[in-house]
Amino acid sequence: MCELLYNHVLHVKLWLCRSIPHSSTHETPNMLMFGREVSMPIDFIVEKSEDSDDSDSSIPSYAIRLRNRLQLAFSHAQKTLEESARIQKKYYDRAKQPFDFKVWMTSLKITLMLQTHHNRSQLNNRSI
């Protein structure tokens, strides 16, 4: 019983993830993969499918429409990804701190000298 419920819940959650627009592309994974949004059975009852408007429902015309939708979705996603990359770079550059190698080397040398001095003093104390 629990396994059946888990499989049903997993299926629904995956469907939800695939039908929510991504923040970078502003497109759903369904649109980018299939060139259209996936319909639920209730969608067929409530409204007509977008492909039912065309009088020409042959396979070549469907393939052409599908290719056009995929190209449109891809170009839209590419534009929004470029904009998202620019925004993310701006925030990354703002948070990036310049690294001063000389300060790091100086602190490393001081740490090593202190450890060496500490180790020597411990050896001297043991020998006494």
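A patch is here made of residues with over 30% relative accessible area and no salt bridge, nonpolar side chains being joined within 5 Å. In this predicted model, Phe 99, Phe 101, Trp 104, Leu 108 and Leu 112 form such a nonpolar patch on the surface, and together they have about 550 Å² of accessible area. Trp 104, which has its place in helix H5 (residues 101-127), counts as partly exposed at 41% relative accessibility.

The mean pLDDT of the protein chain is 78, with 81% of its residues reaching 70 or more. Confidence is highest in helix H4 (residues 59-95), at a mean of 87, and lowest in helix H3 (residues 41-46), at 67. Where pLDDT is low, the predicted coordinates should not be read in detail.

Asn 30, in helix H2 (residues 29-34), is buried, with a relative accessible area of 3%. Its side chain reaches the backbone oxygen of Arg 18 at 3.2 Å, and, leaving aside neighbours within four places in sequence, Asn 30 is in contact with Arg 18, Ser 19, Gly 35, Arg 36, Glu 37 and Val 38.

| Salt bridge | Closest N and O atoms |
|---|---|
| Arg 86 with Glu 83 | 2.4 Å apart |
| Asp 93 with Lys 89 | 2.5 Å apart |

Because Arg 86 and Glu 83 are three residues apart in helix H4, they are separated by about one helical turn; Asp 93 and Lys 89, four residues apart in helix H4, are likewise separated by about one helical turn. Arg 86 counts as exposed at 51% relative accessibility, whereas Glu 83 is partly exposed at 37%, and Asp 93 is partly exposed at 38%.

Note on methods. Residues numbered from 1 in each chain as written. Predicted model: local features only at pLDDT ≥ 70, side-chain atom pairs only at ≥ 80, totals over all residues. Heavy atoms only, no water. pLDDT = per-residue confidence, 0-100. Helix = DSSP H or I, 4+ residues; strand = E, 2+ residues; numbered from the N terminus. Patch = residues over 30% accessible without salt bridge, like charges linked within 9 Å, V, L, I, M, F, W, Y side chains within 5 Å. Areas by Shrake-Rupley, 256 points an atom, 1.4 Å probe, with all protein chains shown as cover. Salt bridge = Lys/Arg side-chain N within 4 Å of Asp/Glu carboxyl O. Buried < 20%, exposed > 50% of the residue type's maximum accessible area, 1.4 Å probe, protein only. Polar contact = N/O pair within 3.5 Å; in protein donor to acceptor, adjacent residues only side chain to side chain. Contact = heavy atoms within 4.5 Å.
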